Amino acid sequence: MPAGFKLQRNVLSNYGEEGWLHWHRRPYQRDKKTPLYVGAMFTSVEESTFAGSAASNLNPAAFLALRDIDKHPCVLVGYNLTLIDKDTQCKASLGMKSFFDIINDKKQIVALFGGACTATNELVGMATKYWHKVQLSYAEDHPMFSTRDSHDLYGTFYRVVPSHHSQIRARISFLRNYNWTKVGALVQNDDSRYSLLMDAFTTTLEREHNVAVLASRGFSSKKADIKTSLEHEIKVKDARIIVGGFNSTFYALVLQAYQMNLYGAEYVWIIAGFHEEQWWLQSTKHLSCSRDQLLKAMRGHFALQFSVIRSDRTIVTAQQYDKEYRTMCRPPRCRYSKYHGYTYDGLWTIALAFETMLTHGIRFNPDRDLLNSDEFEGVTVLFSFYGKVRFQDNERLGTIEIIQFLSKYDSYVTVGQFDAAENRLSINESLIRWINGSPPADSTQELFVRRYVDQSVFCVMCSLVSLCILVAISLLVVNIYFRNHKFIKMSSPYVNNLIILGSIVTYCSVILLGVDTRIVSEQWFSMVCTAKVWTLCFGFTLTFGSMFSKTWRVHSIFTDVHLHKKAIKDYKLFLLVGVLLLIDSIILVTWVIVDPMRLAVKRLPTLKRTTANVIINPTVEQCKAEHAVVFQGLLYGYKGIMLVLGCFLAWETRNVNVPALNDSKYIGMSVYNVVLICGVGVAISFILQDQVNECYIIISLFIIFCTTLTLGLVFVPKIVELVHSRRDPTIQYPRAMMRSLYAMNKSRMETKDLKEKNSLRYFAYANSSRIVIFPISFSKAWKSS
């Protein structure tokens, strides 16, 4: 045995003080060696599943193993391990015949080595336990030999090639390395080799590792149902990490994946390795795709397969052995086999087991699990200084190689390995090539992104509103300071103060409209919702209600021509505004008590990024109440009536041009402005309620523009008059009054055929608190003028 092989103390020796092996010598005859016969069940015929298992490909490995065993100074000294070769041709009948021939041979065997095919191993494995013969396979990896009842059926069957348990553990470790917790499974269900492995894999994932199997779909090699499996399960369930179990003839699956766009940066395929060069190009003439399309679909996928030969440099023996094997195995009679290392290690396993028996005087009994106690460093352990050929429950704890297909080289590159004996995963991240530079998500991730009013927009609006509030306060100061000036006095300055106060409250609602949970907590946000409605309602009522009352007074005076005397004092205007505020208060208080508003997060239509497995779900914060529609309907209803009546009154008094009512025309213009902008603003607020920035900007600008225009129309003429008029503001009104009265009542007096139409004229007397109308004769009125 080459110097690289180290027999461990739990097999053949005791552990010394210095940690090295101390052999228990046994007596032997140096001149004569006793043969130890091992039945070797090789095959001259290969199955596609066991490509490379033919005897012609493995004879060099067996020769090298027997040679090294015979040369080793401490293993089977005085004995010669000899093979009794039988050809099973991968047939169950010939396998059983070969077994009985070996058993009935005069040369009594101590163990069976082989075979390669499941059809042979299944029957022979069940028979060997009745003859108490150990069978060690160098190629069998079918999951059926690891089921719950496998120990009863195949109690003396071992295999040196890593079993499906190592595959499962390697896959799970690979998934956990990238925190993938959702997978899809696609399996060839007409081959139990793959279906049993996939069942065990998915069951272990869900029960022991909390990994969700989004879709598990099987397809048959005899039916063209690959497309159905991909479309109805994998794509519909949105599985992005796809674990596949199928043989290398299913290159058509690659084509279907390409046609259905199940490849690229958003998908990761993890399949079983085939140990075949360019398997994807076999028999592709009938496929309706090009070679470049196949390579594009295969780009970046991973394959897990057992390692053929260890490639680390810590054990020189493996490299020396592989070199010798390649030298002896020359085409066309011999092709490089993926099982040659396991043939070599398998024969060494048998030799070491018998050395244990001979050294310690133990009668060879398969029930003692002697192979399970074997532990040595072989040639089939990849990248692992501490890796050893080790058995557990008749299974080889081997090494699984992780390879990735890179289109740059049109071939696989080894990127890591999983050592089942040490339960350790090693990944060389520098060798892995992710299409987007990082591992994709295991499924389409839903990211909930809450949309807020942009900070810069909010700051601009707050600054603009602050400036407008300062202007409004300045107008309030001017209006109060010059309240006794006749020009200001004739326009009811106290009512004008209500207009200014209402404008300030309305401006404040703009600030509240931009407040969200970034500024206040979710608990306080419901109070902000209530404050938004209250400020906007009260601000509108104070501003528009005051203008409405003044317009109503003008309309009352100039449309009722039969009154001998009519006095409308300012307190009546305040009373009208108070009634409107009372209606607001009743509705709003009832709303707060019955159905208070709260924070609600509304999901908007999703937005999908094209560069990653991410779906962005925008959300917006809204103030919601279960019966909000009812209360909004009440508010909009009665305020809509106000707007309609205000527009009507403004239209009726459009021709009034009396200096005593010096702002009536501007009040009417303000009413038109409010009606128009409120109507448009409400409509836009409903249309753009999901567009946070756009809605906030437009509604805020509408409120600011409407309120500022109202203040400008009502107060700018007064400011201009105060600046430019420094004389006594006494004004002669009769002629102007007569012109306004004549224009308004001409048609009315003509249709009513009143006797007083040529004798009545009106004189208006104005003071700060009332307007009084006296019917007198035209001549007296003219003389008094």
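In which sense, left-handed or right-handed, does α3 pass α4 in their crossing? Keep that question in mind for the second stop of this tour. The model is a predicted one.

**The whole chain**

Start by showing the chain as a cartoon. The secondary structure comes to 22 helices and 24 strands. Now colour by burial: of the 785 residues, 51% count as buried. Contacts can also be sorted by how far apart the partners sit in the sequence. Among contacts with a separation of 6 or more, 75% are between residues 24 or more positions apart.

**Helices α3 and α4**

Two packed helices are described by the angle between their axes and the distance between the axes. The crossing of α3 with α4 is right-handed, which settles the opening question. To see what touches, show side chains: on α3, select Ala92, Gly95, Met96 and Phe99. On α4, the residues that make the contact are Ala119, Thr120, Leu123, Val124, Ala127 and Thr128. Sorted by class, this contact has seven nonpolar and three polar residues, and no charged ones.

**The loops on either side of α4**

Go to the loop between β5 (109-114) and α4 (118-128), where Gly115 lies. The peptide bond from Gly114 to Gly115 is cis, and its omega is near -10°.

Next, move to the loop between α4 and β6 (134-137) and select His132. This residue is not a glycine, yet its phi is positive, about 55°. His132 is partly exposed, with a relative accessible area of 49%.

**Asn261**

Select Asn261, in the loop between α9 (252-259) and β11 (268-272). The relative accessible area of Asn261 is 48%, and the residue is partly exposed.

**Helix α10**

Select residues 291-298, which are helix α10. Which residues in α10 are buried? They are Leu294, Leu295, Ala297 and Met298. Turn the view to look down the axis of α10: the buried residues fall within an arc of 160°, so they line one face of the helix. An α-helix has 3.6 residues a turn, so residues three or four places apart point the same way. After α10 comes Gly300, which has a positive phi near 85°.

**Pro331 and Pro332**

Continue to the loop between α11 (316-328) and α12 (340-360), where Pro332 is placed. The bond joining Pro331 and Pro332 is a cis peptide bond with omega of about 5°.

**Helices α15 and α17**

For the last stop, select residues 493-513 (helix α15) and residues 570-594 (helix α17). Their axes are 9 Å apart, and the helices pack at an angle of about 25°. That angle makes α15 roughly parallel to α17. The crossing of α15 with α17 is left-handed. Show the side chains of Tyr494, Val495 and Leu498 on α15, and of Leu573, Phe574 and Val577 on α17, for these residues make the contact. How many nonpolar, polar and charged residues does the contact of α15 with α17 have? There are six nonpolar residues, no polar and no charged.

Notes
Residues numbered from 1 in each chain as written. Predicted model: local features only at pLDDT ≥ 70, side-chain atom pairs only at ≥ 80, totals over all residues. Heavy atoms only, no water. Buried < 20%, exposed > 50% of the residue type's maximum accessible area, 1.4 Å probe, protein only. Helix = DSSP H or I, 4+ residues; strand = E, 2+ residues; numbered from the N terminus. Arc of directions from axis to C-beta. Axes fitted to C-alpha atoms, helices over the stretch in contact; angles between N-to-C directions. Parallel < 35°, antiparallel > 145°, perpendicular 65-115°, else oblique. Left-handed = near helix turned anticlockwise from the far one by under 90°. Contact = heavy atoms within 4.5 Å. Nonpolar A, V, L, I, M, F, W, Y, C, P; charged D, E, K, R; others polar.
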